[in-house]
Amino acid sequence: FAPNLETIVQQARQVARVVVVMTPPPVHGPSRLAYQKRKYGARATGVEERSTEVAGRYGDVAARVAGRHGCALLDVHQLMLREADWPRYVGAGTEDGDGLHLSGAGQRFVAEKLLALLPTLGLDRDALAYDAPWGFEVDANEPAASLRAHFARHRGALQANSGVLGVDRGESRPLPGAGEPYSYGGVPAGAFLLG
């Protein structure tokens with residue numbers, strides 16, 4: 001795990017001024033076992049193949065890698081464990097929850113924590129170029145039109161190299177590439193999510 005994460009972070013650091021490494025969420029064992037029974041029936045082993053303890057060890061490695069490379073860390077694992085009802089963030093108590101992957105509530109939790117972290121990194125959510133619209137930006141009655149409008153704005157932001165505010169938070173600094181759109185491997189992109 002560590003060598004692969006090192007490689008991912010090194011590659012991200014080549015194209016991004018700010019990289020945020022996130023730790024994995026905790027694992028809810030009872031939900032994991034219930035999912036196993038739903039998926040495999042009589043073939044279910046009844047043994048947890050994932051655990052909060054192991055996820056925590058992955059988180060420790062992620063924190064060390066982030067520190068070595070000067071990256072920000074969003075410790076999702078520890079932040080969730082501070083919440084008494086954290087199992088709901090990995091689908092506990094839901095029909096399709098598997099105790100491992102983020103539920104809608106878990107996705108909202110991570111998004112809120114990440115958005116709260118952005119200003120501490122000198123980033124303004126509203127000034128960032130990003131690839132997909134926020135859910136509230138999509139008009140449920142005319143999704144195609146709102147998506148076309150979003151992507152037109154997005155292309156404009158990439159062409160203008162906007163997205164990261166300067167230290168004085170008043171003027172935009174160019175993104176990497178000296179006048180070229182923000183890209184990775186020659187493919188223009190506004191933000192990367194590595195999970």
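The pLDDT of a residue is the predictor's confidence in that residue, on a scale from 0 to 100. In the present predicted model, local features are described only where pLDDT is at least 70 and side-chain atom pairs only at pLDDT 80 or more, whereas totals for chains, interfaces and linings use all residues. Residues are numbered from 1 along each chain as its sequence is written, and side-chain values use heavy atoms, with hydrogens and water left out.

The chain has a mean pLDDT of 79, with 75% of its residues at 70 or more. Helices (H or I, at least four residues) and strands (E, at least two) are taken as DSSP runs and numbered from the N terminus. Among these elements, α4 has the highest mean pLDDT (97), and strand β6, residues 187-188, has the lowest (35). Over residues 162-195 the pLDDT stays under 50; for this stretch the model has 72 contacts (heavy atoms within 4.5 Å) beyond four places in sequence.

Six helices and six strands are present in the chain, and their order along the sequence is α-β-α-α-β-α-α-α-β-β-β-β. Of the 195 residues, 34% are buried, where buried means under 20% relative accessible area, exposed over 50% and partly exposed in between (1.4 Å probe, protein chains only). Among contacts with a separation of 6 or more, 61% join residues 24 or more positions apart.

The axes of α1 and α3 come within 10 Å and cross at roughly 35°; axes are lines fitted to C-alpha atoms, for helices over the stretch in contact, and angles run from 0 to 180 degrees between N-to-C directions. The crossing is right-handed, a term for the near helix being turned clockwise from the far one by less than a right angle, with anticlockwise giving left-handed. Helix α1 contributes Ala 2, Leu 5, Glu 6 and Val 9 to the contact, and α3 contributes Val 61, Ala 62, Val 65 and Arg 68. Six of these residues are nonpolar, none is polar and two are charged; Ala, Val, Leu, Ile, Met, Phe, Trp, Tyr, Cys and Pro count as nonpolar, Asp, Glu, Lys and Arg as charged, and the others, Gly among them, as polar. Glu 6, in helix α1, is buried at 15% relative accessibility. Beyond four places in sequence, Glu 6 touches Val 65, Arg 68 and His 69.

Rings of Phe, Tyr and Trp (its six-membered ring) pair if their centres lie within 6.5 Å; planes under 30 degrees apart are stacked, over 60 edge-to-face and the rest tilted. Because Phe 1 lies in the segment before α1 (2-15) and Tyr 58 in helix α3 (residues 52-68), the pair ties together parts 57 residues apart in sequence. Phe 1 is partly exposed at 45% relative accessibility, as is Tyr 58 at 37%. Tyr 89 and Phe 109 form a tilted pair, with 4.5 Å between centres and 35° between planes. Tyr 89 belongs to the loop between α4 (76-81) and α5 (104-117) and Phe 109 to helix α5, 20 residues apart. Tyr 89 is buried, at 5% relative accessible area, and Phe 109 is likewise buried, at 5%.

Gly 97 is also placed in the loop between α4 and α5 and is buried at 8% relative accessibility. Beyond four places in sequence, Gly 97 contacts Ser 31, Tyr 35, Arg 38 and Gly 91.
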